[in-house]
Amino acid sequence: MLFFPLPCCRQVITMSCVLGFFGSVSLAKESSCRMGRFGPDCAFQCRCLGQCDESGECVDSDCQVGWFGPLCQYKDGALISHLYSSPTIDLGVTRNGEECHAIQSPFLMVVTLDFYIKVLSLRLVVAKGPPLNISIEYIGYDGYRTNCDNEVLLRFANRSTSVEFTCQAKELIKYIRYSITSNTSLCMFNINKGRLMPLDTSAANSTSSGPESQSFKEVADGCSDTNNLCGCNALYPNAEVHVIGLTARYNSNIDSVYLYISRNSTRYFIPLYLLLRAISKNETTILNYMQRVPEGAVARFPLIHGEQIKRIEIRFISDNTPLYIPIYICEVEAYGVCPMGKYGLDCSSDCDKECGSRCHDIDGACKYTSADNETGLILTCPVGKYGEGCLRSCDYCNNGRCQHDGLCLVGCLGFSNPPKCDKPCTITTYGVNCDNNCSRNCFESRCRDRTGVCQIGCFSATNYPECTLPCDTGYGLNCTQTCNRCFGNYCLYNGTCAYGCIGYINPPTCNITCPPGYYGTNCSHQCIQCLHSNCSPSTGLCIEGCIGGNDFPYCRQACSKGNYGANCSLSCNKCLNFNCSSDGICLGDCVGFSNPPHCNLTCKEGTYGINCNRTCPECFKNLCDPSSGHCTLGCLGYSDPPHCSTKCFRTLHGLNCLQKCSANCYQSICQSTTGKCMEGCEDYNDPPECTHECLNNSHGYNCFCHEYCSECSNKSGICDKCKPGFLPDQSKKSCFYDQLLDFNHTLLTEPEDTPLNQFVYFIPISFFIVAFFNCMVAVYFHRLRQARRLNLWEHE
């Protein structure tokens, strides 16, 4: 049987192959791993001479010596062998493919292995040339023999063909016999011992006299050096409680286990034995195998049947060794392949249905039993292939079937002109012989030539690339164009509006925007609530502001009392009680303005209040607030601006009562607004100005007081007291000079010379006093009568 790589719909990582290999490996791309690691969980080691990329492909290098195959993951048993050939040739270089050697028929090559191993497959790399005739025989224990020539995998390169014989021997093999009966050139041969499968370590128990428990993490770290360069773990000789536990990370078949033991472990105690127990997925013990610790420091445990191993347990047994003397296990390696029907690095993928259960362990290539007429191994190509090496695909044929010459049997797929099928479908046709038109749901009616699914995207449809579901909303390429011009956001597949326009006119195309001041369905509504009638043509929401509303941009809520205009930002302060309409027209009288209801005329200077019908009270320069009447510059004759309700004290006047009344005013009392002496003057004779001084030595209130009068009554001018030497006249408003009183006064004030003089003067003075008294009494009664007459006249 032969393997052929088939087309795969998975996303693959294409890798360049080592000598003798070609094609692509189907591997899911992993996240970045540290240097030297790749694959799922970064569990696989790079086996390239140089570096690997993230997929495990060698970067500008081949596999390390001892490894071969896809991603260099297969352990090569040819390095532990001795070669014999007839006729004799130097076969040493065939282990690494450095040269190709021409061989003549018949040619015999026998490979003798250093020890019995489980052989999983064989590989020969031969140069392209005449057909290859070959037979292979396995030789094992007790004369066990079996042929291996019925399962073959071919891979073609530019100058060579890699032939992989995938049969597995049922026993351990010591010899392999190759018989070639055709002339060819042998470039390389390999013996597949399996690929290294990742193991996980588990914790171990310990005895009371031994060390503390440990994890044995270094026995599966990928370093098999036995000189303790990268760490070894101690295993103590107590088979019951001190065990290395290893779990297979993936569901793979394990065919052999290798233990690398420190070279220092065997120099003191002999014999020493290791016991390996292999446990299957259903907890069945597959193998209990005891082996003496080898002096070569590598213990090999072959598992003949290749089971899916769940766990491996390793114990150290020695009857004569103290419990505290260990051996050191440096590395444990498990080799195997994926179970039947699985492939991939982690054996997680199923073989393609075309392969049945027979596919390659890593890349999933199918095995076939056909043979190629060039190599002598393939007779017919598998379905879907033709040409040299069956490398060409019939994918342009309907059902993927073609003849050996590539002609299609049942029509073309994605092409026309059967059976040659050499004319591709146009961009708008597809299918068998290009007989089908691409769906109108495909953008620009372009679709895939074979399947008919849309190529660029959907047109007014979703679920690309099938594009079978209509748009929920929108239209055009993948429903990305909106139907926002259409009522209900619903439009037909071509974008025309089925139920009218929103924000536009001219249905169904709806290609003309609403004129200013209009919005809604076919522009049938006005933006009356919006400032300057400016609103969104589709939603009606105001753009600049509201008229008579304060919930911008909706403008549906009326202004509260006292406000109007854009966003209710204007006050109805011209109106009585702030009562106005949405446009600011007063719904009653004005305040501080006239001309109701517009109230557009400011009150004249000196007026205020309702319709300006009141005058400004007691305000300086007669200026007041036209609404409230409050004095704006201060009070005139009042002291409490701006209300001006408290009159000035009688001795103050003017702006806010800050000026004192003139001292010319009687008792400094003046009029509060003008400062004039309304109560009369003091020592001035021209009330209320009081600017002219008294004449003729008069004084007092309005100059009423006579010059010889020392005290006058208020305002009447009646002299209450005359100056010394003067007597009041009959009107009592002035005083006259009294000569007698002046004479007596002189006498009284002259000095007395002698008692006689005093006596001489006393007699006439006494006489005069008596006469004067009588005269004064008469005068008194005369003036009393005059005064009574004067009072009566004043009252009249």
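This briefing covers strands, cores, ring contacts and annotated spans in one predicted model.

Local features need pLDDT of at least 70, side-chain atom pairs count only at pLDDT 80 or more, and totals for chains, interfaces and linings use all residues. Residues are numbered from 1 along each chain as its sequence is written, and side-chain values use heavy atoms, with hydrogens and water left out. The largest nonpolar core has 40 residues. Strand E25 is largely enclosed by the rest of the structure, because ten of its eleven residues are buried.

**Strand E25 and its partners**

- Strand E25 spans residues 327-337. Strands here are DSSP runs of at least two residues, and helices (H or I) are runs of at least four, both numbered from the N terminus.
- "Buried" means under 20% relative accessible area, "exposed" means over 50%, and "partly exposed" lies in between (1.4 Å probe, protein chains only).
- E21 and E25 run antiparallel and are joined by eight bridges. Two strands pair if DSSP finds at least two bridges between them.
- Serine 256 has tyrosine 335 in E25 as its bridge partner.
- E17 pairs with E25 over three bridges, in the antiparallel sense.
- Leucine 235 stands opposite isoleucine 327 in E25.

**The five-strand sheet**

- Five strands form an open sheet, in the order E8-E10-E16-E12-E13, with antiparallel pairing.
- Strand E8 (81-86) and strand E13 (145-147) stand at the edges. Each has a single partner strand, so one side of each is left without a neighbour in the sheet.
- Neighbouring strands of this sheet are turned by 15 degrees against each other on average, direction ignored. Axes are lines fitted to C-alpha atoms (for helices, over the stretch in contact), and angles run from 0 to 180 degrees between N-to-C directions.
- E12 and E16 run antiparallel and are joined by seven bridges. Isoleucine 136 stands opposite tyrosine 178 in E16.

**Nonpolar cores**

- A nonpolar core is a set of buried Ala, Val, Leu, Ile, Met, Phe, Trp, Tyr and Cys residues joined through side-chain atoms within 4.5 Å.
- In the largest core, of 40 residues, those with the most contacts inside it are Leu122, Tyr138, Ile176, Tyr178 and Ile191.
- Elements that give two or more residues to this core include strand E11 (121-127), strand E12 (134-140), strand E16 (173-180) and E21.
- E10 gives the largest share of this core, six residues.
- A second, separate core has 29 residues, among them Leu276, Ala278, Ile309 and Ile314.
- In soluble globular proteins, nonpolar side chains tend to be buried together.

**Aromatic pairs**

- Rings of Phe, Tyr and Trp (its six-membered ring) pair if their centres lie within 6.5 Å; planes under 30 degrees apart count as stacked, over 60 as edge-to-face and the rest as tilted.
- The count comes to ten aromatic pairs.
- Tyrosine 258 and tyrosine 335 have ring centres 5.5 Å apart and planes at 85 degrees, so this pair is edge-to-face.
- Tyrosine 258 lies in strand E21 (residues 253-261) and tyrosine 335 in E25, so the pair ties together parts that are 77 residues apart in sequence.
- Tyrosine 258 is buried at 7% relative accessibility. Tyrosine 335 is buried too, at 1%.
- Phenylalanine 443 and phenylalanine 459 have ring centres 6.4 Å apart and planes at 45 degrees, so this pair is tilted.
- Phenylalanine 443 and phenylalanine 459 are 16 residues apart, and each lies in the loop between strand E34 (436-437) and strand E35 (461-462).
- Phenylalanine 443 is partly exposed at 21% relative accessibility. Phenylalanine 459 is partly exposed at 22%.
- Phe38, Phe44 and Tyr250 are linked into a cluster by ring pairs.

**Charges over rings**

- A charge sits over a ring if NZ of Lys or CZ of Arg is within 6 Å of the ring centre and within 35 degrees of the ring normal.
- Arginine 440 lies over the face of tyrosine 493, 4.0 Å from the ring centre.
- Lysine 574 has its charged end over the ring of phenylalanine 593, 4.9 Å from the centre.

**Annotated spans**

- An unreviewed UniProt entry places "domain: EGF-like" at residues 41-73, 485-524, 579-613 and 693-736. UniProt positions follow the numbering used here, feature names are shortened, and annotations may be inferred rather than shown by experiment.
- Residues 41-73 are 0% helix and 24% strand, with end C-alpha atoms 16 Å apart.
- Residues 485-524 are 0% helix and 15% strand, with end C-alpha atoms 14 Å apart.
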